[in-house]
Amino acid sequence: MNKRKFFKIVNHYNKYFEQEAQDMLEFGGDVDESMPIDVIVYKPTQKYPFWKLATVGASDYKMPKHKSAIARKNEYVMFLDKYIDISPESKEYDWYYRFLMLTAYSAKDLGEYISYSHTIELQNGDDEKTNKLPISLLLLPEAIQDSRILRCKLGLFDKCAIFQVMPITKEEWEKGFDFLEEKFYGENSEPNSFLARKIEKWV
């Protein structure tokens with residue numbers, strides 16, 4: 001990703017998270033050398049008292065055309081509880097980081113269009129039985145008050161969508177998207193239900 005687009009995305013996050021660069025921690029991603037992706041970690045604030053993980057680089061992949069596309073390029077965010085240890089040495093953080101990165105590469109790996117409400121069955125390695133992870137659900141980042149966070153302008157006729165990544169269990173997935181949307185962002189949802197949860201095994 002060129003520097004101009006990199007900083008357009010970073011500035012987009014800065015604007016809607018209402019945090020400037022000095023309030024960020026940066027941890028490198030770069031899993032796939034052909035398409036490097038970084039994860040920028042924003043600290044909890046008074047307005048948004050939770051960690052914000054945000055990818056920069058996933059939008060280098062242009063997805064196939066789709067008639068109802070918000071955009072043909074995506075970046076991804078994940079929201080975490082403020083008490084989670086966020087540091088390069090943290091095993092707890094590593095789980096979320098790895099999950100977010102696998103989701104960010106999924107459109108390119110699958111060669112498919114993915115968007116809001118889509119679910120992705122992730123793999124982490126060649127052995128499906130031992131390395132299967134929970135399902136990744138894409139949501140609108142409704143925890144952020146300004147809905148304009150959804151679209152990031154990269155240039156003339158060039159934009160990317162910003163989707164929230166949520167790990168879900170097989171049991172939750174089988175109940176359908178209406179159930180999931182109500183669970184995470186419904187009027188009767190639990191407080192902080194929009195925060196990602198660490199799921200080690202299928203339920």
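The following legends describe close-up views of one predicted protein model.

Residues are numbered from 1 along each chain as its sequence is written. In this predicted model, local features need pLDDT of at least 70 and side-chain atom pairs count only at pLDDT 80 or more, while totals for chains, interfaces and linings use all residues; side-chain values use heavy atoms, with hydrogens and water left out.

**View 1. The order of elements in the protein chain.** The protein chain contains 5 helices and 8 strands, taken as DSSP runs numbered from the N terminus (helices: H or I, at least four residues; strands: E, at least two). Read from the N terminus, the order is α-β-β-β-β-α-β-α-β-β-β-α-α. Of the 203 residues, 49% are buried, that is, under 20% relative accessible area with a 1.4 Å probe and protein chains only, where exposed is over 50% and partly exposed lies in between. Contact denotes heavy atoms within 4.5 Å; among contacts between residues at least 6 apart in sequence, 62% join residues at least 24 apart.

**View 2. The largest nonpolar core.** A nonpolar core is a set of buried Ala, Val, Leu, Ile, Met, Phe, Trp, Tyr and Cys residues joined through side-chain atoms within 4.5 Å. The largest one has 37 residues, and V39, L53, Y76, M78, L80 and Y96 have the most contacts inside it. Elements giving two or more residues to this core include β3 (50-56), β4 (74-81) and β8 (158-168). The greatest contribution to this core comes from α2, with 10 residues. Another core, of 31 residues, lies apart from it and includes V10, F17, Y48 and L154.

**View 3. Helix α2.** This helix has 20 residues and spans 28 Å from its first C-alpha to its last, close to the expected 28 Å, which is 1.5 Å times one less than its number of residues. A kink of about 30° is centred on A104, the bend at a residue being the angle between axes fitted to the seven residues ending there and the seven starting there. Among the buried residues of α2 are W95, F99, M101 and Y105. At the N-terminal end, S90 caps α2, with a side-chain oxygen 3.3 Å from the backbone nitrogen of E92. After α2 comes G111, whose phi is positive, near 65°.

**View 4. The surroundings of S59.** S59 is placed in the loop between β3 and β4. S59 counts as buried because its relative accessibility is 2%. The side chains of S59 and E75 are joined by a polar contact of 2.6 Å. Beyond its neighbours within four places in sequence, S59 is in contact with residues including M1, I9, L154 and C160. A polar contact is a pair of N or O atoms within 3.5 Å; within protein, one must be able to donate a hydrogen and the other to accept it, and residues adjacent in sequence count only if both atoms are side-chain atoms.
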